[in-house]
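Let's take a friendly walk through a protein structure, with its aromatic rings as our guide. Have a look at the sequence and the model first.

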Amino acid sequence: MSKDYSTYFVKPSLRDARKRKRDDTPTLDFNDYMNIEGIGKNKTYTIETYGCQGNVADSEKIAGILEALEFTRSATLDDADLILLNTCAVRANAENRVFGELGRLKQYKNNNPDLILGVCGCMPQEEHVVNKILAKYHYVDLVFGTHNIHRLPTYLETVLLSKERVIEVFSEEGSIVENMPKLRDNAKKAWVNIMYGCDEFCTYCIVPYTRGKERSRSPEHILAEVDELIAQGYHEITLLGQNVNSYGNDFTDRTYRFKDLLADLHTKPITRVRFTTSHPKDFDTETIAILARGGNLMPYIHLPVQSGNDRVLKRMNRKYTRQEYLELVAEIHRQIPGVSLTTDIIVGFPGETDEQFEDTLSLVERCNFEGAFTFIYSKREGTPAAQYDDDVPIAVKKARLQRLNTLVNAGYKRGNKRFEGHTVKVLVDGTSKNDDTVLAGYSEHNKLVNFTGPADLIGHIVTVKITEAKTWYLWGEYHG
Ligand code: 5AD
Ligand code: SF4
């Protein structure tokens with residue numbers, strides 16, 4: 001690929017992505033970037049989304065932009081004029097899946113030379129990914145990253161009208177772009193970004209590089225978005241950030257923080273407020289006290305611990321100790337009785353010994369988690385831990401994961417069991433995946449509930465009496 005093949009050719013740099021300047025974050029207005037109209041007329045698109053809720057929320061923005069450009073969503077891949085893969089870089093297997101999919105999509109390009117194939121999201125923020133696309137996937141037409149979604153109209157103009165390939169990835173710290181259109185996937189549950197980026201630099205994690213510096217949206221913008229969602233009849237919002245507990249730490253002109261946002265949302269007529277993800281080091285007692293007010297603040301907290309051993313936590317740069325985590329969990333349980341806690345755990349971090357892993361197991365036993373996402377450590381090029389010796393044999397990593405999962409699954413079951421015989425409120429999402437006479441939705445404690453009932457309950461919050469707890473879900477009877 002020669003440089004002059006494309007108008008835009010800006011490659012990523014993980015070294016630049018690491019830098020953090022003190023400058024204020026610029027807030028941009030998407031309307032200034034909506035510089036071409038109707039370019040998608042008679043064209044269809046599809047987006048495949050990988051990874052976390054941040055990517056899901058970004059895909060809703062990308063879909064919103066495409067629809068504003070008059071693209072329509074395509075029912076199948078065969079019909080699509082534009083296919084975008086919104087990718088995740090957090091572990092190697094997420095990346096391998098995307099490369100596998102790109103290989104598979106080559107046939108669609110062969111069948112339809114006018115098809116535009118694009119890759120966006122976290123993977124393009126990594127040099128090695130862009131180099132690999134340039135070397136092996138020359139049929140990819142469009143590559144952009146997490147910082148420049150708002151420039152999509154311009155990119156499409158170049159690709160569609162000038163028939164040039166676009167590769168543009170910014171590694172600078174990122175801005176905040178307001179007024180992006182959104183095509184939300186769900187009519188009752190909405191994602192609300194409250195901040196972007198991450199400044200934690202956990203040593204294993206690529207996110208601070210792919211998503212840039214931590215920057216908080218103004219409370220005015222967030223609350224206005226929530227008001228709009230309320231007016232549209234939404235029941236539930238989930239506040240999104242890599243570390244929601246540090247919301248506002250970057251404000252230079254005000255002292256408004258996460259607890260203030262929760263307090264403001266507590267008074268709003270929205271039925272359910274959730275948030276993810278929390279960082280234990282920034283979860284203060286004032287925030288717990290606000291959550292203890294209950295009401296629309298849901299009794300469910302996802303609190304990643306990653307490891308139960310101090311030495312490993314230190315080498316992960318998590319900035320809390322096992323004891324501090326245990327005390328935080330105890331305080332949360334004390335102030336919010338009945339709260340449901342889940343976590344994230346990594347096994348096989350470089351240098352993790354059997355004894356250190358046992359500390360993770362014992363912490364899981366003590367914390368009464370009702371669920372966990374568990375991962376085998378995956379080396380990410382450019383992160384500090386990539387310099388550590390990845391010395392735990394894969395067979396040991398797998399055995400640890402299995403032992404951990406057995407314990408975690410018992411927690412899921414125990415967490416469900418406590419609702420047997422109780423009535424719970426369920427926001428009905430739709431029919432169960434396996435049986436369309438069965439309705440499915442989530443309770444306030446974020447438990448999946450299945451029950452039989454009329455389809456017109458979908459989108460409503462209903463009362464269900466729980467009759468039986470399974471490991472992964474609850475069975476119940478519709479109560480009204
Ligand atoms: N290897 C394995 N798991 C990881 N996570 C983040 N980076 C890595 C990695 N390099 C996990 C953490 C985090 C979750 C979103 O993904 O547990 O909380
Ligand atoms: Fe990654 Fe740590 Fe930031 Fe979470 S807090 S996104 S694990 S660096």
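Start at Tyr388: the charged end of Arg315 sits over its ring, 4.8 Å from the centre. A charge sits over a ring if NZ of Lys or CZ of Arg is within 6 Å of the ring centre and within 35 degrees of the ring normal. Elsewhere, the charged end of Lys132 sits over the ring of Phe99, at 4.0 Å from its centre.

This is a predicted model, where local features need pLDDT of at least 70, side-chain atom pairs count only at pLDDT 80 or more, and totals for chains, interfaces and linings use all residues. Residues are numbered from 1 along each chain as its sequence is written, chains are lettered from A and ligands numbered from 1 in the order in which they are written, and side-chain values use heavy atoms, leaving out hydrogens and water.

Tyr388 also belongs to one aromatic cluster with Tyr204, Phe349 and Tyr377. How many aromatic pairs does the structure hold? There are 15; rings of Phe, Tyr and Trp (its six-membered ring) pair if their centres lie within 6.5 Å, and planes under 30 degrees apart count as stacked, over 60 as edge-to-face and the rest as tilted. One of them joins Tyr204 and Phe349 edge-to-face, with 6.3 Å centre to centre and 85° between the planes. These two partners are 145 residues apart, so the pair links distant parts of the chain.

Phe349 also pairs edge-to-face with Tyr377, at 5.5 Å centre to centre and 75° between the planes. Phe349 is buried (under 20% relative accessible area; exposed is over 50%, partly exposed in between, with a 1.4 Å probe and protein chains only), because its relative accessible area is 1%. Tyr377 counts as buried too, at 5%.

Notes: Helix = DSSP H or I, 4+ residues; strand = E, 2+ residues; numbered from the N terminus.
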